[in-house]
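The structure comes first, then the notes.

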Amino acid sequence: MSPAPARSGFLPGTTEPHGSRPPAAAREQDRDAPCRRTAPRANDALTIESQAVAPQALASRAGASHAGRGAGTVRTPTALTQGSRTRGGIGESTQRPDGTLKVTGDFAYASDLWHEDMLWGFTLRSPHTHARILSVDLSEAYATPGVYAVLTHDDLPAETRYGLEIKDTPVLADGVVRYHGEPVALVAADHPETARRAAAKIKVAYEQLPTVTDEESATAPGAPLLHPGRDDHHAGHVPHPNIVHRQPVRRGDVVAARARAEVVVTGDYEVGMQDQAFLGPESGLAVPAEDGGVDLYIATQWLHADLRQIAPVLGLPEDKVRMTLSGVGGAFGGREDLSMQAHACLLALRTGRPVKMVYNRFESFFGHVHRHPAKLHYEHGATRDGTLLYVSCRIVLDGGAYASSSPAVVGNAASLAVGPYVVDNVDSEALALYTNNPPCGAMRGFGAVQACFAYEAQMDKLAAALEMDPVELRQRNAMAQGAVMPTGQIVDSPAPVAELLRRVKALPLPPEREWESAGGPPDVRALPGGLSNTTHGEGVVRGVGYAVGIKNVGFSEGFDDYSTARVRLETVGGQPVATVHTAMAEVGQGGVTVHAQIARTELGVAQVTIRPADTRVGSAGSTSASRQTYVTGGAVRHACEAVREKVLELGRARFAAYHPAWNHAELLLEGGKVVTDAGEVLADLADVLEGEAVDVELEWRHRPTEAFDPRTGQGNGHVQYSFAAHRAVVEVDTELGLVKVVELACAQDVGKALNPLSVVGQIQGGTTQGLGLAVMEEIVVAADGRVRNPSFTDYLIPTILDTPAIPVDMLELADDHAPYGLRGVGEAPTLSSTPAVVAAIRAATGLPLKRVPVRPEHLTGT
Amino acid sequence: MDFLRPGSWEEALAAKAEHPTAVPIAGGTDVMVEINFDHRRPEYLLDLNRIGDLYEWEIGDRDVRLGASVPYTRIMAELRDPLPGLALASHTVGSPQIRNRGSVGGNLGAASPAGDAHPALLAAGADVEAESVRGTRLIPVEEFYTGVKRNALAPDELIRAVRIRKADGPQQFSKVGTRNAMVIAVCAFGLALHPQTRTVRTGIGSAAPTPVRARAAEDFLAAALEEGGFWESGADLAPSLARQFAELAAGACNPIDDVRGSARYRRHAVGVMARRTLGWTWDAYRGRERNTRCA
């Protein structure tokens, strides 16, 4: 199959000449020779041209409001953002190259990878939550015709453990299984069904061991230790070896403040285990190479972190493990940890054949980490006028059997535990447990989601105790630029918390009782239950609730969080073309679109080719923590600037003698030409380059951060903060306990919207994911640690009929420390959405509702 | 796994007689899921998709004879008048794609207590037309469900059609799920008023090992309507009457706690749905009475 028709098909609205595109695309295809039979991947060598969306289209998508509304709220940090004359630059809603393909089903995901002669890998998983492996009998599995390899822990060639932060995760179970679904053995066969059946013939004798499943059992005297003999860097300071990491944050004097407090509210809250529920299951293709190495085509969130963990397991130097990003069907944190990456490579190297692995939906629920379920205890004290005096809290996160990113999740939960409020006296701690429950790690919101549900519930409770409007109470205590976090860090960029609340509150409320029609039957679609026809208005009560949250952007606590970008400028067919190459994982966030926009703005060229993300270029860091536009976008920008300087040097060398402006004016690249800042054209880029290519690869870092003090939590731990506020309007069927979210309005400061349409999409998506946590999404874990609902039949995520209108009010208050003043946007809307919905349900029902997701049983007392 | 593709109903019956373990497949919305997840690995699949008769229906004096493979989409679009309860239930089945493929015959074959069609069939009154090379028999739908995912079919029988009483009065269907679409019933309730026979019929889904009728509730309501002269007067029903009907409906449940809901909630919700659907059907009945009188 030739990729060409698909490519020409997905750029229908091209507004620029086509001259160079076919050769550029063809050149890139050759690199995929081993996978030529694979259907084209939309993120292969995209030639992205400008496709601006009409402003009115955006306005309708965004609801009643849109970017930059309100004079004086928009600041542009640099001259370059004031509108490049090259179309399709930053600030425009250029369309995503993968959008139409995904909607029409033509996008090729990693699960579509294909290679001649490939084998299929399958994973045998533990049926037990904690058990010793007494024996493994592979003979029948080996004897199955079509089976090429069966691997267990004993067959591992080198390192046997890996992990994002702590190397505690066995590649294959090493004599003990610690959670339901842990990989025990691998099979490669010539057909996926053969592999599955052969795996079923592996006879594993288990001796079940006692389990720990919560704080009490995990820290009880004599509790079985998940990882005896820990020597990781947290082992020394944790109060119990079944605690992965604990982070206190202490500031001021809570004891003294408590004595002064006129109103105190306490509460215990619980957050269920949410799943990322990405639609494209874990999948990839490992192809053994003649040099003894392996090429891995993979859906992941961070190629280089995978590489760092895979290579030691394979016993190969990193340059022999070559990774290329394949089509990724969503991530949300669930692809930060390895799943089948090392397994497929091990099978490929063992058999000498390409090996593909694809989890089905059931297996996917066991194949990635989930959001930490949490138990949170909070105490807020305030004066009678509603000024917060202190917050004391304890957040217990269940990390499950292996560490994954639990330590960083703990750091977030602890440092953001109080929310976007000014509180001088804080005594908080967060910790993550080792238990025999499913491993938990990264998911959109990363520790801040759990805290936000609790502190916002507390703010409502405090407002009720003070008989005060809950928005007014929040605004009274809202932080602003210059505020000091409980960690001692000064918030040194805009923090418009009160303004965000004001904006969502000021929006008109959706009309009441919209299901009623004069004389006719009710429109049940507007009611809880929808077409399930459970109410025609009986028992239905409206509620309105508010919440606001704070999320850090980027990797924190001293992590060297850099990105690498390579940018090349050359002429092809007489036209200047920029090529951007990074290892950034495009997981649906729109990074490839933004990179092209940055290159157009900085280099003034219409045509930008985005190279496939792979490990031939340096790390781009993770596509997580709301960081990619900031950090990899920043790297692309700086690489473009370096290219521009080199181009101008070339130009000066060639043409300075002909025009004084070359040496004396501010020069820009615009519309394929070198121009002065006054707009005078000095030369065509093609003439400056004269067939030469200018090529720059560089690493770019944001401001460094510091570790938190292990005892006090003090430290400049975060790079940037982002804020969003929600107002939820719900209709609750109070008799049946069913909820319809009617509207979920969001106001968020995004610093600078590089692609407003994408930003609105992120906000709406994050908002919807938060709605899911509020009313339906939970992995139900039985008392013994087994997962009870590993399917989309019983793990429910919102459908379009559950998704309300989401008007988005986007502020653009520049953060002068960030590229273009931007602020990471992906996670903040996930935080406040959940507590806003629950606050609205509380308002409708008067129930305390201390746990999410809220179930009909909670609302009906059944 | 052998794939049998009969070209006619007679061939299908012969194939089923020869291979009684054959699993019939039409829309495949249930069977394929089970096969794909390897929950089931039948020796034979009996493909009914070539048998056009199964996609047709006939409207008779008393019944709609609904071919086993008629998809829900067509029931919603074309059979709303004679089968209002089943049309409402069809709306709640899966997604549009599932409704384009899934059929009442499949729901009956699978006999899941959560099947959306069952409460509507129970409330309307229906007979399952089961056929084999030995002949045809009509199984009253309330006798068709014999256990969790078990039905009264003999190994050599196939469902040809289901004969559903045409509505002679208002019908309603309600289903509780924890999202607003594409959800398996936590519990469901169907109610049909039958003014011609002055009876009431109900159907409960997902709140007992099989779909069941709430017979005590039906008898109570029928007696109360009769004794109070309500069928003639169309008078308001006292809240206490609706409440008792609801309690009896809830009492007919024998639910379990599972990942979709608690037993207590199911019992409670069936009661609420019984009360509400009674209100809606009675309002419709009274409205019609009034309209009739006006005319």
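Predicted model: local features only at pLDDT ≥ 70, side-chain atom pairs only at ≥ 80, totals over all residues.

Two strands are taken to pair if DSSP finds at least two bridges between them. With that criterion, Val287(A) stands opposite Asp295(A) in β13(A).

- Strand β12 of chain A covers residues 283–288, and five of its six residues are buried, so the strand is largely enclosed by the rest of the structure.
- Burial here means that 20 or more other C-beta atoms lie within 10 Å of the residue's own.
- β12(A) runs antiparallel to strand β13 (residues 294–298) of chain A, and five bridges join the two.
- The two strands β12(A) and β13(A) make a hairpin, with five residues between them.
- In the turn of this hairpin, Gly292(A) has a positive phi of about 85 degrees.
- β12(A) is also joined by four bridges to strand β15 (residues 355–358) of chain A, again in an antiparallel arrangement.
- Within that pairing, Val358(A) in β15(A) is the residue opposite Ser283(A).

**Contact between chains A and B**

- Chain A brings 29 residues into contact with 28 residues of chain B.
- On the side of chain A that touches chain B, β30 (738–749) and α22 (856–860) of chain A each supply at least two residues.
- The most is given by α22(A), with three residues.
- By residue class, this side of chain A divides into 10 nonpolar, 12 polar and seven charged residues.

Conventions. Residues numbered from 1 in each chain as written. Chains lettered and ligands numbered in written order. Contact = placed C-beta atoms within 7 Å. Nonpolar A, V, L, I, M, F, W, Y, C, P; charged D, E, K, R; others polar. Buried ≥ 20, exposed ≤ 12 C-beta atoms within 10 Å, placed from the backbone.
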